[in-house]
Amino acid sequence: MKILTEHINTPGIETFEVYRKKGGYTAVEKAIKTMSPEAVVEEVKKSGVRGRGGAGFPMGMKWSFLAKPEGVPRYLVCNADESEPGTFKDHYLMKNLPHLLIEGMIISSYALGANKSFIYVRGELMYVIRILEKAIEEAKAAGFLGKNILGSGYDLELVVHPGGGAYICGEETALLESLEGKRGNPRNKPPFPAVKGLYQCPTVVNNVESIATTSWIINNGGEAYATYGIGKSTGTKLISASGHINNPGVYEINLGLSCDEFLNSDEYCGGVRKGHTLKAVVAGGSSVPIVPGHLFLKTANGEDRLMSYESLSDGGFATGTMLGSGGFIVFDETACIVRNTWNFARFYEHESCGQCSPCREGTGWMQKVLNRIEHGKGSMHDIDLLVDISKKIEGNTICPLGDAAAWPVASAIRHFRDEFEWHIKHPIEATKPGAVYMKESVLA
Amino acid sequence: MIELTNTIAFTPERLAIAKEMIARYPEGKQKSALMPIMHLAQEQFAWMSQDVMDYVASLLNISPVEVYEVATFYTMFHLEPVGKHVIEYCRTGPCVLMGGEEVYAHLTQKLGIKKGQTTSDGMFTLKEVECLAACGWGPCFQIREKYYMNLTNDKVDDIIRELSR
């Protein structure tokens, strides 16, 4: 089922005219002319759609937490700061289907009673910002934005706001700080943004893909949406696939698709690149635990693993992982897990905002220790040291960046400890260009 | 307002855009326009010298330190002079899997510079950046608003040749 991307290959779909011809903005008409804001929230609740930025929190429930004090403006902020390594689905969606996001923003803002809403886009995507701004102009000219939309008396203004290059601003409270013109330091919660968010007013922050689902949900009903997917993983999900596969790209899948089919079918990833073997998978963006290929394809109980929130996390962190943001990265036997773990650790060290000591110091320590192991200067003690540092970061920081930094390191050691040991025992061999430790049992 | 002792100022067109940017945000929340205006400033002045940051502060009626702290937090703002083309090369995992390190080595060799440096003719500055959200099209780099994707050594040669003209 293609809920978001049905028309993505239609020429001119980025223009208002073509998008409208394909049924675009009918959901705005339906919502604003025939439904109360509460009824829109109700449909989104029924759909069961979960936050597509990575956390997977039910969107309708998040909306229902929004405080509504008299005389205080409420805000909707779209999180388009997509920065999690491996994730490029929102980039793809916004550049190809800008009006799908604009339409979703109108519906969602109406549901929440917001009259000014923001789309916070990572600054690197300035060309996408220009595409969105053009789409907003077009929608405004057609009467779908601005004062008195479709004669309903409802006013809405959309502002596209550029970030400045900081992964941390994908965390919702850091994003709000950033939107206020400050450094992106996450805030302590509570108060939650639903009570005190942007400019200390009640605010909802939702991911691009989450907001984009609302047009279909309004057109077809929340119950219809919930018929797709599996269990509590309703609907479809965009998965951005990269790494050692034949067909990298963005795919819209029904949640519950088997992992084997997603990886190996020509409709999706097309299998591990020709002549190579599956070694490991990061299923939901760099933060989620890396798992060996066999544990990606099957759970520890030998059941087929599915692309859903529940199935991917089956087995907990011991043998499972997470769906996360849908940033799907595949590693074949030529990939060095130690080098990749060091690369990710360096990323988190660079992106830590520096506010909490466990994260500020710990990400740097992990990076340094991994650096010396990768470069043939590690000792056996370093492996346990890394596990120890990761445990002391996890859960001890204001925002989840600390956890996000700890999990890739802890999981790499959990599943590929012998590869770290090999680097330490064979420093000369391990530091040769392209050297990779081979162990047949980890290959699927 | 800050007394300006130099000639840093937006062109009339950019000044109009800056004023429109400020007006986008609610009354009394003009500081929100800081990053949009900093991007606009970097577009005109190439890098965020202290004079440029002071000018931005004066436009928003905020203290200069509020601009400095933002400029030093976010990676997109250049705090030192840069060459005509700033190459922002992705060094993160997924691009590395696609041969990002090999292409990077080729690029540094071709330009004869390391990260953070500018070629002697002032044409290119090389910066290493983190994930650009283009992992399926890696290796990649960005120059201003343009993404260059699926890079190979040959493609890098072509791009550098084209931009050197």
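This note goes through a predicted model of chains A and B, from overall build to local backbone details.

1. Basis of the model. Because the model is predicted, local features are reported only at pLDDT of at least 70 and side-chain atom pairs only at pLDDT 80 or more, while totals for chains, interfaces and linings use all residues. Residues are numbered from 1 along each chain as its sequence is written, and chains are lettered from A in the order in which they are written.

2. Overall build of chain A. Chain A holds 20 helices and 13 strands, where helices (H or I, at least four residues) and strands (E, at least two) are DSSP runs numbered from the N terminus. Its radius of gyration of 22 Å agrees with the value near 22 Å for a compact globule of 444 residues; the radius is taken over C-alpha atoms, and the globule rule is 2.2 Å times the number of residues to the power 0.38. The C-alpha trace of chain A spans about 75 × 45 × 35 Å along its principal axes. Of the 444 residues, 57% count as buried, a residue being buried if 20 or more other C-beta atoms lie within 10 Å of its own, exposed if 12 or fewer, and partly exposed in between, with C-beta atoms placed from the backbone.

3. Domains of chain A. The assignment gives domain 1 (16–226), domain 2 (238–332) and domain 3 (337–442), with bounds that come from an automatic or database domain assignment. The C-alpha centres of domain 1 and domain 2 of chain A lie 28 Å apart. The contact between them takes 13 residues from domain 1 and 17 residues from domain 2, two residues being in contact if their C-beta atoms, placed from the backbone, lie within 7 Å. On the domain 1 side, helix α5 (residues 89–96) of chain A gives the most, with three residues.

4. Just after α8(A), Gly181(A) takes a positive phi of about 90°. α6(A) is followed by Gly113(A), whose phi is positive, near 75°.

5. The nonpolar core. The largest nonpolar core has 183 residues, of which Val77(A), Leu93(A), Ile119(A) and Val56(B) touch the most other members. Such a core is a set of buried Ala, Val, Leu, Ile, Met, Phe, Trp, Tyr and Cys residues joined through C-beta atoms within 7 Å. Leaving aside neighbours within four places in sequence, Ile119(A) has among its contacts Met105(A), Leu132(A) and Val160(A).

6. Chain B and its contact with chain A. Chain B is divided into domain 1 (12–73) and domain 2 (85–164), whose centres, taken over C-alpha atoms, are separated by 29 Å. In the contact between the chains, 31 residues of chain B meet 46 residues of chain A. On the chain B side, α2 (34–45), α4 (64–73) and α5 (93–97) each supply at least two residues.

7. Cis peptide bonds. Which residues does a cis peptide bond join in chain A? The bond joins Lys189(A) and Pro190(A), with omega about -5°, and Pro190(A) is found in the loop between α8 and β4 of chain A. In chain B, the peptide bond from Gly138(B) to Pro139(B) is cis, with omega near -5°. Pro139(B) lies in the loop between β2 (124–129) and β3 (141–143) of chain B and is buried, with 28 other C-beta atoms within 10 Å. Beyond its neighbours within four places in sequence, Pro139(B) has contacts that include Cys90(B), Cys95(B) and Leu151(B).

8. Positive phi outside glycine. Is Asn61(B) buried or exposed? Asn61(B), with phi near 60°, lies in the loop between α3 (50–60) and α4 of chain B and counts as exposed because 11 C-beta neighbours fall inside 10 Å. Ala133(B) also has a phi near 60° and lies in the loop between β2 and β3 of chain B, but Ala133(B) is buried, with 28 other C-beta atoms within 10 Å.
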